[in-house]
Amino acid sequence: MKGRFLEQIKLMLGQAPQKPAEISPEAQQIHKMKRLTKEDFEAMKKHVRDHALEKHTWRNRRWTVLILVNLLFTFSFWLDIQILEGALTASRFVGFHLIDLNSALQVMLAHKHIIVNLFIGTATVFLLWAALGGRSFCSWACPYHLVAEWFEALHLKLVEKKWVSDHQFHRGARTVMWVLFSLLALVTGFTVFETLSPTGILSRALIYGPSLALGWVALLLVFEVVYSRRAWCRYVCPIGLTYGAVGTISPVRVVYDLNHCFHEGDCRKVCLVPHVLEMVIKGRSPDVKVPVGPDCTRCGLCVDTCPSGALKFEVKGLNKLL
């Protein structure tokens, strides 16, 4: 278990997925049973796909929560009802200060000392996202994630028509960018990332109105549509890495069940971070049940897409969430 945990941390920081060094006897038996001929295997996958029901349960829940959270900021400001004041980077909910963990880190590095109010404001946020796990902030609260998800659909259509192609970068670039933005804050005394972050730009635009900074967001979206799928979230944004590290201790996780998997691969096609689903590849699962790692955004797309129910949300130590 310890080895698996460390492997998932390395994966989050950019290491390429590795074949498991050890596979449990139970998993070995199931892998052996699945050694079919190519014809049998393809027929099985076709049967599963043909009989699967298309559903968007978790996607619809996630979109609803994300939109409502961001609209609550907007209407609290417009109607002056003071329920949720500020923006996603720093806010106050009925008097309780809430500060984005990555923003607080950037500010403290820029000021070169620990600011007590910032430290207190991050405590509630830390507990919230530590409980929900993974990079759930990205898919359940970040407005750029939602907009990029909609534009991703356009990118995939253009790829299908072969008008554009997807260019991938090394995933370790995100770790490098996390260090770079931290060093820039420390050296310059200025929160460079906060100026460039489309999360903060969109959050402030929804609340206080549009600004010229939206041009930068538009450029990012164009780049992702015509050149590299979800490039900002995958290779640049340090917010996801920060929350992924916090979410490693969460009891909420997506769990993979080898017994139910037909290895058709649909889950990896829809996943923003397909490296976390390495275990669904035939012969790669180290155990019968494997929790998906902390780099998972907990978006639920794989759960909705899996035709055989091999991926489900669970709470560690409790019954299944649904």
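This is a predicted model: local features need pLDDT of at least 70, side-chain atom pairs count only at pLDDT 80 or more; totals for chains, interfaces and linings use all residues.

Reader: Which residues line the second largest cavity?
Author: R135, F137, C138, C142, H145, T199, W232, C233, C237, I239 and G240 line it.

Reader: And how do they split by class?
Author: The lining of the second largest cavity has 7 nonpolar, 3 polar and 1 charged residues.

Reader: What volume does that cavity have?
Author: About 70 Å³ for the second largest cavity. The largest cavity has about 80 Å³.

Reader: How many cavities of 30 Å³ or more are there?
Author: The structure holds 6.

Reader: How does anyone find empty space like that?
Author: You roll a probe the size of a water molecule over the atoms, and that shows where space is left empty.

Reader: Back to the largest cavity. Which residues lie nearest its centre?
Author: C271, C296, C299, G300 and C302 do. They belong to a lining of 13 residues. By class, that lining has 10 nonpolar, 2 polar and 1 charged.

Reader: New topic: helix packing. At what angle do α8 and α12 cross?
Author: Roughly 35°. Helix α8 covers residues 143-160 and helix α12 covers residues 214-226. Their axes come within 8 Å.

Reader: Left-handed or right-handed?
Author: The crossing of α8 and α12 is right-handed.

Reader: Which residues meet there?
Author: From α8, Y144, V147, A148, F151, L154, H155 and L158. They meet V217, L220, L221, E224, V225 and V226 in α12. The residues of this contact divide into 11 nonpolar, 1 polar and 1 charged.

Reader: Last thing. Which residues does UniProt list for "transmembrane region"?
Author: An unreviewed UniProt entry lists residues 63-84, 114-132, 175-193 and 205-227.

Reader: How far apart are the end C-alpha atoms of residues 205-227?
Author: They lie 26 Å apart. That span is 74% helix and 0% strand.

Reader: And for residues 175-193, how far apart are the end C-alpha atoms?
Author: 14 Å apart. Residues 175-193 are 84% helix and 0% strand.

Methods:
Residues are numbered from 1 along each chain as its sequence is written. Side-chain values use heavy atoms; hydrogens and water are left out. Axes are lines fitted to C-alpha atoms, for helices over the stretch in contact, and angles run from 0 to 180 degrees between N-to-C directions. Helices (H or I, at least four residues) and strands (E, at least two) are DSSP runs, numbered from the N terminus. A crossing is left-handed if the near helix is turned anticlockwise from the far one by less than a right angle, and right-handed if clockwise. Contact means heavy atoms within 4.5 Å. Ala, Val, Leu, Ile, Met, Phe, Trp, Tyr, Cys and Pro count as nonpolar, Asp, Glu, Lys and Arg as charged, and the others, Gly among them, as polar. On a 1 Å grid over the protein atoms alone, a cavity is a set of points where a 1.4 Å probe fits but cannot get out, and a pocket is an open set with protein on both sides within 12 Å along at least five of seven lines; lining residues have an atom within 4 Å of a point. Grid points are joined across faces, edges and corners, and a volume is the space filled by probe spheres set on the points. UniProt positions are given in the numbering used here, feature names are shortened, and annotations may be inferred rather than shown by experiment.
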